[in-house]
Amino acid sequence: MLVLTVLVGLYSCKSSSAHNEAPAATPAEVVTIGAADTNTENDYTASLEGKVNVEIRSQVDGYLEKVYVDEGAYVKAGQPLFKIDEHRYREQLNNAKAALHAAEASVLNAQLEIDKVTPLVNNKVVSDMQLRTAKTAHEVATANVEQAKAMVASAAINLGYTNITAPVSGYIGRIPKKAGALISLNDPEALTKLSDVHEIYAYFSLSEGDFFSFKDNYDGSTLEEKLKNLPPAILVLADNHVYEEKGKVDMIDGQFEKNTGAITLRAVFPNAKGTIRTGNTGKVRLLREHKAAIIVPQAATIEIQDRIFVYTLDKDNKTVRQAITVIGSTGNQYLVSDGVKSGDRIVVSGVDRLKEGMEIKPEKAKPAQN
């Protein structure tokens, strides 16, 4: 009986000792938060256009006699593009010139009449009414000459319109009509389009909220000053390739679009190689500089009910769940304005398995894998 009592006592002591032993600390990777100068990125869908985009249309009716260029060709300002049959317009010019010569002859005849009547009036052979009539006829003939000159100029202009040249240097678009086609002033479709793409305009929109954030995030008391202080714009093409040339935002529209509630901005990018054409799409990326920003790895965060948390460690290496305010991201890191400070330690591994008050055995965090 004594032996049984001793055994029970020994078992009870061991059980109590096991119960009171603290659980082992959980190993986890830990980093110390730091501050650094960095940038955040905001991307906006953009449509791309050449600096000049013009429709080439005929200003006279007629048959398309010649097409001097091919689709997609680069042309220089003043280079011939199309030739409209000129015969009718050449004849109109010849008729106008003949009418001018006839009008000039009428002036001479009127002057001869004045010269003839003047001495007769002076000698009182005829009344001065005839002289006044002759002078009036001369004025009419002179006016007819001016009108005939205008007709010649108009006919010459129409004749000139039969030669269609490039108004700017650029690339030719599609040419839907071929030689022999009948061209009309009322054609709904242009002969072609010509794009000057040595500079590219990237048009993108900001919502009303984004626009106010834009105004708050950049230095300057006016929009013009803010545009000058913007860092260079980056163009991301449709294949997610970053365009090699940096651009500049140089224009903000004067008003918001009623239907969308957005306002349009324009960024200009050099395009000396002609890599980008009118109609391309992409994204304009704007950078925002942050001085001494608090940086938190995204892997160290957990989202709960639309709020973002991290687990910090107190002096006893126990976890404290802490809400943070994220103001942007760069790469795989968040920029934080509130909730943690430089020098705080946070857990970066197994965050989804942590609980408040857990004891952590800190381990050095492994380098991030690219």
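Guide: Start with what a strand is here: a DSSP run of E with at least two residues, numbered from the N terminus. Under that rule residues 192-207 form strand β9, and Leu206 is placed in it. Keep in mind that this is a predicted model.

Visitor: Why is Leu206 called buried?

Guide: Buried means under 20% relative accessible area. Leu206 has a relative accessibility of 0%, so Leu206 counts as buried.

Visitor: What does Leu206 touch?

Guide: Not counting residues up to four places away in sequence, Leu206 touches Tyr44, Phe211, Phe214, Phe256, Gly261, Ala262, Ile263 and Leu265. Ala103 is 103 residues away along the chain, and its C-alpha atom is separated from that of Leu206 by 65 Å.

Visitor: What makes a group of residues a nonpolar core, and how many residues has the largest one?

Guide: The members must be buried residues of the nonpolar kinds, joined through side-chain atoms within 4.5 Å. The largest such core has 28 residues, and Val75, Leu81, Phe82 and Ile172 have the most contacts inside it. Two or more residues each come from β5 (80-84), α2 (87-122) and α3 (128-161). The largest share, seven residues, is from α2. Apart from this core lies another, of 27 residues, including Tyr44, Ile200, Leu206 and Ile252.

Visitor: Which residues is Val75 in contact with?

Guide: Leaving aside neighbours within four places in sequence, Val75 is in contact with Val69, Leu81, Ala166, Val168, Ser169, Gly170, Ile172 and Leu194.

Visitor: Why do His290 and Gly282 count as buried?

Guide: The cut-off is again under 20%. His290 is at 7% relative accessibility, so His290 counts as buried. Gly282 is at 9%, and therefore counts as buried too. His290 has its place in strand β13 (residues 281-297), and Gly282 lies in strand β13. Beyond four places in sequence, His290 touches Ala36, Asp37, Thr38, Asn39, Thr40, Ile327 and Leu335. With the neighbours within four places left aside, Gly282 is in contact with Tyr44, Thr45, Ala46, Val236, Leu237 and Ala238.

Visitor: Why is Lys124 called exposed?

Guide: Exposed requires over 50%. Lys124 has 74% relative accessibility, so Lys124 counts as exposed. Lys124 is in the loop between α2 and α3. Ala292, in strand β13, has a relative accessible area of 53% and is therefore exposed.

Visitor: What is phi in Lys124 and in Ala292?

Guide: Phi is near 60 degrees in Lys124, a positive value in a residue other than glycine. In Ala292 phi is near 50 degrees, also positive. Most residues other than glycine have a negative phi.

Visitor: Where is confidence lowest, and where is it highest?

Guide: Mean pLDDT is lowest in helix α1 (residues 2-20), at 46, and highest in β5, at 97. Where pLDDT is low, the predicted coordinates should not be read in detail. The chain averages 87, with 93% of the residues scoring at least 70.

How values were computed. Residues numbered from 1 in each chain as written. Predicted model: local features only at pLDDT ≥ 70, side-chain atom pairs only at ≥ 80, totals over all residues. Heavy atoms only, no water. Buried < 20%, exposed > 50% of the residue type's maximum accessible area, 1.4 Å probe, protein only. Helix = DSSP H or I, 4+ residues; strand = E, 2+ residues; numbered from the N terminus. Contact = heavy atoms within 4.5 Å. pLDDT = per-residue confidence, 0-100.
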